[in-house]
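Here's a quick tour for anyone meeting this structure for the first time. Have a look at it, then read on.

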Amino acid sequence: MSVPALKETPAPLPSAAPLVEFRGLRRNFGETIALADCSFEIQPGEIHALVGENGSGKSTLIKILSGILPESGGELLWDGKVTRIADPRTAQQHGIATVFQETLVLDQLSVRDNVVLGLDRLFRRVHSVADETKLVREALDTIGMNALDPAMPVAALSLAQRQGVTIARALLRPWRLLVLDESTSALDVDARDRLFEALRGFRAAGRSILFVSHRMDEILDVADRSTVLRSGRSVATVTRAETTTDGLLELMSTHEEAQAAEGAARAVPNRALGAPVIAAKGVALLPETAPFDLTVRAGEIVGIAGLEGHGQVAFVEAVAGLRRPAHGAVETDQGAITSFSNAARAGIAYLPRERKTQGIFAPLSVLDNLTISALKRFAHFGILAESRRRAEGRRLIAQSHVATAGLGAPISALSGGNQQKVFLGRLLALNPRALVLNDPMRGVDLGAKQDIYKILEQFASDGGAVMLLSTELAELCLLCDRVAVFHNRALFAVIERKSLDVQALIAAMFGQSGASRGTA
Amino acid sequence: MKFKIDWNAYYWPALAGFVILFVGNIVANPIFISHDNWRPVLLGAAPFIITTWAQTVPIMSGNGDLDLSVGPLAGLVNAVMAMTLPGLGITDPFSMIAIALAIGVASGLLNGFLVTIVRVQPIIATLGTFLTYQGLTLELLPISGGTAPPWMKVISGNVAGIPGVFFVFVLIAVAWWLLGKTAYRRNLLAVGGDIRAAYTAGINVIWVRIVAFIVSGVLAAITGVVFTATIGAADPTIGNPYILTSIAGVALGGVAFSGGQGGLLGAAAGGALLFLIENLFSLAQVSIYYIQIAYGSILLVALALNSMVDRARRRKAQAALV
């Protein structure tokens with residue numbers, strides 16, 4: 001694990017036999033295409049960066065390479081041979097070690113046990129405890145975390161240290177390809193520099209690294225070549241000399257998105273803004289992250305954006321009362337939000353991300369789904385006034401533009417988009433003051449999206465406040481008065497309507513202020 | 001390495017409860033710790049403790065794993081030991097123990113296969129094998145009968161002044177300690193702690209869970225042998241009460257129902273606690289129905305406390321991930 005101190009080594013010749021080659025790799029989940037056509041290769045002794053925004057297929061590609069998902073089509077060549085990687089153990093036997101974006105550690109086990117995890121067979125230990133301790137120390141030393149006691153339980157570790165443990169776990173394996181899936185995001189500067197220095201050492205020794213990062217400075221710093229994924233396709237592979245921040249950002253954003261965003265500039269909403277409905281004051285998501293303020297006023301649609309795992313989902317959940325921030329509070333005129341029911345009483349209606357499991361009631365009818373949250377309104381001493389409930393159901397169907405065979409139809413018979421509109425109708429039946437939406441356009445068809453846009457705009461025009469977390473950037477540009485972009489588990493920038501476009505959003509999501517390059 | 005006492009370990013409440021009730025039993029009846037009483041006490045406590053151990057290992061592997069068939073499997077082994085094998089002329093200790101252990105392994109393989117490969121909910125899968133074993137036992141042995149072979153006196157009697165059943169505990173404890181020297185226990189805690197972390201790290205999660213059921217089956221089979229030695233015959237209904245007590249013992253022993261935490265020390269204390277409670281009740285000549293009520297209530301309270309601790313742990317883990 002010793003790292004020779006080396007000067008910058010030149011990028012390897014592309015003519016060498018590649019270690020890994022992807023040929024038209026595909027993966028779909030039902031009708032959703034996660035990876036459409038991915039082709040590129042990684043040379044021995046190369047640090048190869050993989051870049052792309054949310055949903056571009058990076059994680060799917062890494063899961064296929066690590067044996068977690070099988071591909072639906074195309075080929076993966078390992079050492080020149082077509083290979084199917086059946087499970088994580090097989091991946092390791094080939095020499096592929098992956099550090100996942102999630103810090104997959106076991107709280108109850110010690111640092112040592114967490115680092116050597118999976119090296120052993122079912123019963124046979126590969127190393128003695130003494131050897132394990134020594135190896136773990138060396139692996140941790142590579143990233144400058146040699147102060148960690150291997151016998152310490154992981155439960156006591158910070159997020160950065162946990163990430164260090166998962167990196168040490170990968171380094172300890174006899175790998176030929178190290179896959180880092182945005183696993184440097186929680187590391188502090190010193191640990192990151194040490195890791196990069198080690199990566200250069202590994203490269204000089206002929207080992208390869210596939211490196212996913214959302215930090216442009218990191219990519220410019222270490223990558224020999226970078227492949228850009230966009231909507232599941234590999235659109236370009238650029239060499240170190242050709243790589244610029246602006247160039248990569250441009251390759252990442254689709255033309256359709258750019259067009260949609262231009263169209264958005266047309267109708268600047270002219271809604272009267274009222275008093276603040278939701279006010280985050282001094283909110284820090286983790287004890288060590290930066291605190292921030294964010295206000296949503298009546299009549300305003302505020303977008304929430306960020307790359308996967310950068311804190312935006314945790315923030316929206318805090319607004320809905322599903323979790324408590326480490327510091328600060330989200331306030332309404334009823335006081336600080338402390339629980340889901342308390343947020344609901346303050347007039348906040350929340351739409352969770354998983355419609356099937358957290359949203360609709362699949363066995364119930366459209367009418368039941370629409371009115372189930374507001375049944376109190378139709379009850380007289382506990383008896384439901386059925387005609388009033390049906391009338392309200394019809395009104396909500398019209399308001400939410402739901403296409404259905406009737407109020408009694410089972411909701412499971414509806415398309416995903418119509419189910420989502422019914423769900424929105426159910427929230428509107430509560431007469432909320434604010435809608436907090438966690439990625440509402442997931443799995444929703446185009447027509448239904450247009451309807452949902454209309455519902456949201458109408459709700460805002462009527463004086464409601466909307467907080468809209470979306471992974472579709474064009475949609476944020478279209479609907480929002482301003483967009484709050486999260487980066488590194490804190491609010492990074494708030495982009496006002498006048499300067500709102502997909503490019504600006506991507507730049508901020510990647511931690512670039514403005515569209516200017518190199519100012520991380 | 002220096003020996004250090006871990007005051008945060010999961011088993012302290014169980015051990016404290018054990019000490020309190022142990023003293024309670026002595027105060028209520030000083031004869032409790034007289035030498036003559038060692039043998040009946042240990043024989044009485046054995047099924048509580050060993051079935052709790054049998055329950056502990058699948059529960060430690062998490063993912064809702066548990067084994068409802070431990071009691072009925074012990075009953076089936078009891079019937080085979082006292083009725084079927086003597087009927088076939090097999091009475092030597094080695095064959096009998098080998099057959100008992102083989103039944104335990106087979107049951108573990110079946111439960112593990114149903115849960116991990118067929119993917120039946122553990123509670124349903126082991127309810128199915130529980131009913132099957134019960135039916136099989138009644139087919140082999142419609143009413144109590146049979147006789148235990150003479151060598152089982154080693155377990156039911158005293159060896160050099162020490163009850164023979166004590167050595168059964170020692171053997172199991174040594175086997176568990178040896179298992180802890182292999183990679184298995186770490187793999188078990190990893191699978192119970194977070195199956196995704198274990199899987200992505202390259203652990204064979206299916207076999208870790210199957211082996212947990214095998215350990216459970218083997219321990220249940222040992223309980224069946226102890227039953228046979230204790231009553232000197234076979235009773236088709238002897239195992240059933242220990243389904244509930246094994247789960248209560250696990251909860252009292254501080255073993256996390258969400259998996260990934262626990263061990264046989266806490267489980268032994270949990271199982272022994274139940275025996276001590278029963279003993280106190282019968283000393284006070286309380287009706288058997290009250291003992292049942294007590295078990296039911298203890299199970300509920302222990303499970304409630306267990307899930308509160310679990311929830312606190314989950315919330316802490318969630319807060320760390322943003």
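What percentage of the contacts in chain A with a separation of 6 or more is accounted for by residues 24 or more positions apart? The answer is 70%, where two residues are in contact if their C-beta atoms, placed from the backbone, lie within 7 Å.

## Before we start

This is a predicted model, in which local features need pLDDT of at least 70 and side-chain atom pairs count only at pLDDT 80 or more, while totals for chains, interfaces and linings use all residues. Residues are numbered from 1 along each chain as its sequence is written, and chains are lettered from A and ligands numbered from 1 in the order in which they are written.

## Chain A overall

Chain A has 18 helices and 22 strands (DSSP runs numbered from the N terminus: helices are H or I with at least four residues, strands are E with at least two). Its radius of gyration, taken over C-alpha atoms, is 25 Å, close to the 24 Å that the globule rule gives for 520 residues, so chain A is as compact as a globular protein of that length. That rule is 2.2 Å times the number of residues to the power 0.38.

Along its principal axes, the C-alpha trace of chain A spans about 75 × 50 × 40 Å. Buried residues make up 49% of the 520 residues in chain A. A residue is buried if 20 or more other C-beta atoms lie within 10 Å of its own, exposed if 12 or fewer, and partly exposed in between.

The largest nonpolar core has 246 residues. A nonpolar core here is a set of buried Ala, Val, Leu, Ile, Met, Phe, Trp, Tyr and Cys residues joined through C-beta atoms within 7 Å. The largest share of this core, 17 residues, comes from helix 10 (residues 205-231) of chain B.

The residues with the most contacts inside the core are A:Val319, A:Val436, A:Met467 and A:Leu505. Take A:Val436: not counting residues up to four places away in sequence, A:Val436 touches A:Val316, A:Val319, A:Ala320, A:Ile348, A:Ala349, A:Tyr350 and A:Met467.

## Where the chains meet

The contact between the chains takes 26 residues from chain B and 28 residues from chain A. Helix 8 of chain B gives the most to the side of chain B that touches chain A, with six residues. That side divides into 14 nonpolar, nine polar and three charged residues (Ala, Val, Leu, Ile, Met, Phe, Trp, Tyr, Cys and Pro count as nonpolar, Asp, Glu, Lys and Arg as charged, and the others, Gly among them, as polar).

Helix 8 of chain B is mostly covered, with nine of its ten residues buried. Among them are B:Tyr184, B:Arg186 and B:Asn187. The buried residues of helix 8 pack against helix 3 (111-116) of chain A, together with helix 2 (35-60), helix 7 (164-181), helix 9 and helix 10 of chain B.

## Two spots in chain A

A:Leu220 lies in helix 7 (residues 216-222) of chain A. With 18 C-beta neighbours inside 10 Å, A:Leu220 counts as partly exposed. Leaving aside its neighbours within four places in sequence, A:Leu220 is in contact with A:Thr243 and A:Thr245.

For A:Glu308, look at the loop between strand 13 (301-306) and helix 10 (312-319) of chain A. A:Glu308 is partly exposed, with 15 other C-beta atoms within 10 Å. A:Glu308 and A:Gly55 are 253 residues apart in sequence and 9.0 Å apart in space, C-alpha to C-alpha.
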